[in-house]
Amino acid sequence: MSHEARLRELAIELPVVPPPAGTFVHAVRTGSLIFLTGHVPFRPDGTIVQGKLGADLDADAGYAAARLSALGILSTLRSELGSLDKVRRLVKVNGVVNATADFMLHTKVMNGASDLLVQVFGDAGRHARLAVGYSSLPFNICLEVELIAEVAE
């Protein structure tokens, strides 16, 4: 099954790609790799999930936020490539979590992104990953997720 067909089967609607919030682009392609910028968790109404994991948000809320970030990643991939079917495999996902010093569930939070990516891409969606906590993120966003993928040339 194609990645686009799988997305339809899962009844997932992708959000609109927002304009960059600074002097950068959403994606850079070099050879067969595409590097995506960090994606923040936009809700369907356009607001961003903010707060610190371990204080303002629990791990379940973080999981849902990471899934929102992954939806943005899928949207950017489709926008840049024309179709998700051009993705050969996901290589690496990096996730940073705005967390208290005693928060320990970063990997559970980032599973929100990883689980969705594997649902859509199957085995090609299994990726290496980094999940770390930071004491703050810009604008108090709760997390940010970036991705590297191999794509058809």
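Analyst: Let me begin at the end of helix α3, where the next residue is Gly122, with a positive phi near 60°. Helices here are DSSP runs of H or I with at least four residues, strands are runs of E with at least two, and both are numbered from the N terminus. This is a predicted model, in which local features need pLDDT of at least 70 and side-chain atom pairs count only at pLDDT 80 or more, while totals for chains, interfaces and linings use all residues. Residues are numbered from 1 along each chain as its sequence is written, and side-chain values use heavy atoms, without hydrogens or water.

User: OK, how far does α3 reach from its first C-alpha to its last?

Analyst: Helix α3 covers residues 106-121, which is 16 residues, and reaches 23 Å, close to the 22 Å expected at 1.5 Å a residue (the expected span being 1.5 Å times one less than the number of residues).

User: And where does α3 bend?

Analyst: The bend is at Gly112 and amounts to about 35°, taken as the angle between axes fitted to the seven residues ending there and the seven starting there.

User: Which residues of α3 are buried?

Analyst: Gly112 itself is buried, and so are His106, Val109, Met110, Ala113, Ser114, Leu116, Leu117, Val120 and Phe121, where buried means under 20% relative accessible area with a 1.4 Å probe, protein chains only. The cover over these buried residues includes α1 (3-9), α2 (59-81), β3 (87-98), β4 (128-134) and β5.

User: Switching to Ser75, is it buried or exposed?

Analyst: Ser75, which is found in helix α2, counts as buried because its relative accessibility is 7%.

User: What is Ser75 in contact with, leaving aside neighbours within four places in sequence?

Analyst: Its partners are Leu14, Pro15, Val16 and Val17, with contact meaning heavy atoms within 4.5 Å.

User: Now the strands: in which sense do β1 and β2 pair?

Analyst: Strand β1 (residues 27-30) and strand β2 (residues 33-39) are antiparallel, with four bridges, and pairing requires that DSSP finds at least two. One of the bridges sets Val28 against Phe35 in β2.

User: What about the turn, how many residues lie between β1 and β2?

Analyst: Two residues separate them in this hairpin, and Gly31 in the turn has a positive phi of about 60°.

User: How many bridges link β2 to β5?

Analyst: Five bridges join β2 to strand β5 (residues 143-151), again in the antiparallel sense, and the bridge partner of His39 in β5 is Val145.

Definitions and conventions:
Buried means under 20% relative accessible area, exposed over 50%, partly exposed in between (1.4 Å probe, protein chains only).
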